[in-house]
Each structure stands twice: as structure tokens, then as C-alpha cells.
Amino acid sequence: MRFKLLAAALLLIMAGWSAWWLFAASAQKAALEGWMAAQRADGWVAEAASIDVAGYPNRLDATLSDLALANPAEGWSWEAERLAIRQVAYDPTFFIVHFPPESRIAVPGARARLTADKMEASLKLADASAVAVERASFDAQLPGLAAEAGWTASAERVTLHMRAAPDAGPENAYEFRLDALRLRPPEFIRRIADPARALPAAIDVAAAEGRAALDRPLDRFALEGAPPQIQNLSLKEARATWGELDFALTGAARADEDGYAEGEFDISARNWRQMLDAAVAAGAIPKAMAETLKTGLGFVAGLGGDPDELNVALTMSGGFTRIGPVPIGPAPRLTRSE
């Protein structure tokens with residue numbers, strides 16, 4: 001009798017769980033279809049040949065086939081034969097997105113084929129009913145871009161980790177870490193930055209770690225419209241190593257009333273004269289200014305004991321960027337008016 005009661009209880013539990021899973025799978029599919037319909041109503045292209053949900057009994061795995069997304073107002077589009085969204089049934093706040101090995105992407109002025117041996121992202125929401133991001137990660141192994149214009153770019157690996165800052169207060173602040181290994185820039189960038197071909201084809205390491213406060217939170221609305229804009233940016237360190245060139249940057253800036261960066265960063269640069277030559281070749285600064293900077297900064301570097309290593313402050317204010325008292329160009333713009 002006890003065995004029969006236990007078997008009956010297990011059957012009831014299994015039947016209840018199966019019914020719940022079918023309900024949850026149906027709800028997930030309806031939510032995806034509803035989101036795409038809402039985007040189409042807003043003028044997007046949002047189409048999928050099919051949306052299937054599998055993974056019984058412990059997962060809710062949605063697969064979208066022949067997916068096409070485009071936001072004409074922002075000028076970008078993305079197409080893929082397949083996109084998989086994985087979710088454990090007992091945690092509706094955590095998702096893992098598996099991207100296909102090949103997709104097509106377009107932004108204003110460029111169309112390209114995006115490939116990767118492996119590309120996935122994870123997303124943790126603040127709670128089941130919230131759309132705000134608590135933390136997110138992205139990992140691409142051997143990613144590559146092949147543009148219709150003929151240029152290519154690739155990397156050995158690119159990773160991004162981000163989380164909502166625990167002490168953000170009223171700010172929409174996020175801590176981040178970005179790493180790119182063996183980054184191969186397009187040939188047209190190499191021709192500008194290294195016309196003498198003195199540097200290797202790949203940038204060994206490019207990394208940045210810091211904190212950014214945005215004008216609005218990162219949520220699904222950030223994807224649907226214009227991207228959030230930076231109000232404050234602090235860099236614990238940003239570093240790039242390209243052959244014999246080594247560059248590091250630390251400091252903080254905020255957006256002034258016109259949206260231009262205002263703040264100060266400390267620069268450490270090895271073989272900095274070659275960097276100035278590259279800036280001249282790129283048209284970033286005039287040759288005469290570069291020669292003036294070489295004279296003045298050479299004196300500063302000499303005071304440090306190594307003329308090839310420079311440590312200097314970069315100041316941005318009033319819409320201009322200065323090294324010491326010398327203006328070298330406009331300050332970067334953090335925010336733009338609508």
C-alpha cells in the first residue's frame with residue numbers, strides 16, 4: 001500500500017511538473033513572439049521562420065531560426081540562421097545566449113560577415129519581473145569580421161564582463177572589464193597607424209577596466225532605442241601593447257553641459273614618439289604640432305630617466321584636449337543631443 005501511495009504521489013508530482021513546464025514553455029514562446037511583434041509595430045524588422053522551445057524537464061531552451069533584426073532608425077541590422085537562448089526552468093532571471101558560428105551584421109556605412117569558433121553571452125536580471133541587467137558577460141573565441149568593402153579584422157579572444165555597481169545609488173553605474181587578445185585591425189587602419197610596417201600584424205593585448213555611469217539603465221529598452229549615453233567614466237586602467245609600443249591610461253571624466261568629456265587622465269607610454277608619428281599619419285594631429293610635442297615631451301620624459309618612456313597628464317576641458325598646456329585636439333564627446 002505504501003509503495004502504491006508513493007508511486008501515485010510521484011506520478012502526481014511528475015504530472016504537475018510536466019503541466020507547469022508546458023505552461024512555461026508556451027509562455028516563453030509567446031513572450032518572444034510578442035516582443036518581435038512589438039518591435040515591428042515600432043518600425044523594426046523583426047522576423048523568425050520558427051520559434052521552438054525544448055529542454056524538458058529542467059530547461060527552457062528557445063531556438064529561433066532564420067532570424068532577422070533591424071532598427072532602421074539607428075541604421076543597424078543582424079541576420080542569423082539560428083539563435084539559441086538557454087534557461088534553467090527554476091531560475092527565470094538567468095539566460096545564456098549561444099550565437100551561431102556565422103551571421104551577418106550591418107551598421108551605417110558597413111556590412112560584414114561575423115564569424116567565431118564560439119560566441120556566447122550570459123545575462124542575469126535583477127529579478128524575475130525586472131528588465132534591468134544585474135550582470136552580463138560576453139565571450140567570443142576566434143571572432144572575425146569580413147566586410148563587403150574587402151577589409152577583415154579578427155582576434156584570438158574577446159571577453160567582456162559587466163555588473164551593476166553595488167554602490168551605484170541613484171546613478172545607473174556599471175563596473176566593466178574588457179579584454180581582447182591578438183587583435184588584428186583592418187588593413188586600412190594598419191596603413192594609417194603603421195605606414196612603415198614596423199609593428200606586428202596583431203595588437204598583443206588591449207584591455208580596459210573601470211566604471212561608467214549612464215543616463216538610463218541597461219535594460220531591454222536600451223536595445224530597442226538609442227543606446228544609453230555615458231555621464232561619468234572612470235578607468236582603473238586601459239592598456240594596449242602592440243609590438244614595442246606600450247600604452248596605459250588611468251583617470252576619470254564626466255560629460256560637460258555640451259556633452260564633451262571633462263577630466264584628467266594619466267598616460268604612461270613607451271616608445272611614445274612612434275605613437276605621435278602614427279597620430280600624424282592618421283591625420284589626428286598636424287605634423288608641426290607633433291614636432292612641438294616631441295620637443296616638449298622629450299624634455300619631460302628625460303626628467304624621468306628614460307627618454308623612451310613618457311608619463312604625463314592628459315586634460316580635457318572646454319571641449320579641448322591638452323597635454324600639459326598644449327592643445328592637441330577636440331575632447332571626445334560622451335553624450336549627444338537627441
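**View 1. Trp35, Trp44 and Trp76 form one aromatic cluster.** The model is predicted, with local features needing pLDDT of at least 70 and side-chain atom pairs counting only at pLDDT 80 or more, while totals for chains, interfaces and linings use all residues. Residues are numbered from 1 along each chain as its sequence is written, and side-chain values use heavy atoms, with hydrogens and water left out. Rings of Phe, Tyr and Trp (for Trp, the six-membered ring) are paired if their centres lie within 6.5 Å, and planes under 30 degrees apart count as stacked, over 60 as edge-to-face and the rest as tilted. By this rule there are six aromatic pairs.

**View 2. Trp21 and Tyr56 form an edge-to-face pair.** The ring centres of Trp21 and Tyr56 are 5.4 Å apart, with 85 degrees between the planes. Because Trp21 belongs to helix H1 (residues 2-41) and Tyr56 to the loop between strand S2 (50-54) and strand S3 (61-71), the pair ties together parts that are 35 residues apart in sequence; helices (H or I, at least four residues) and strands (E, at least two) are DSSP runs, numbered from the N terminus. Trp21 is buried at a relative accessible area of 8%, whereas Tyr56 is partly exposed at 44%; buried means under 20% relative accessible area, exposed over 50%, and partly exposed in between (1.4 Å probe, protein chains only).

**View 3. Trp44 and Trp76 form an edge-to-face pair.** The ring centres of Trp44 and Trp76 lie 5.4 Å apart and their planes are at 85 degrees, so the pair counts as edge-to-face. This pair links distant parts of the chain, since Trp44 is in the loop between H1 and strand S1 (45-47) and Trp76 is in strand S4 (residues 76-86), 32 residues apart. Trp44 is buried, with a relative accessible area of 7%, and Trp76 is partly exposed, at 23%.

**View 4. Arg333 lies over the face of Tyr260.** The distance from Arg333 to the ring centre of Tyr260 is 4.7 Å; a charge sits over a ring if NZ of Lys or CZ of Arg is within 6 Å of the ring centre and within 35 degrees of the ring normal.

**View 5. Lys124 is a buried residue in strand S8 (residues 118-125).** The relative accessible area of Lys124 is 17%. Leaving aside neighbours within four places in sequence, Lys124 is in contact (heavy atoms within 4.5 Å) with Asp91, Thr93, Phe94, Val133, Glu134 and Arg135.
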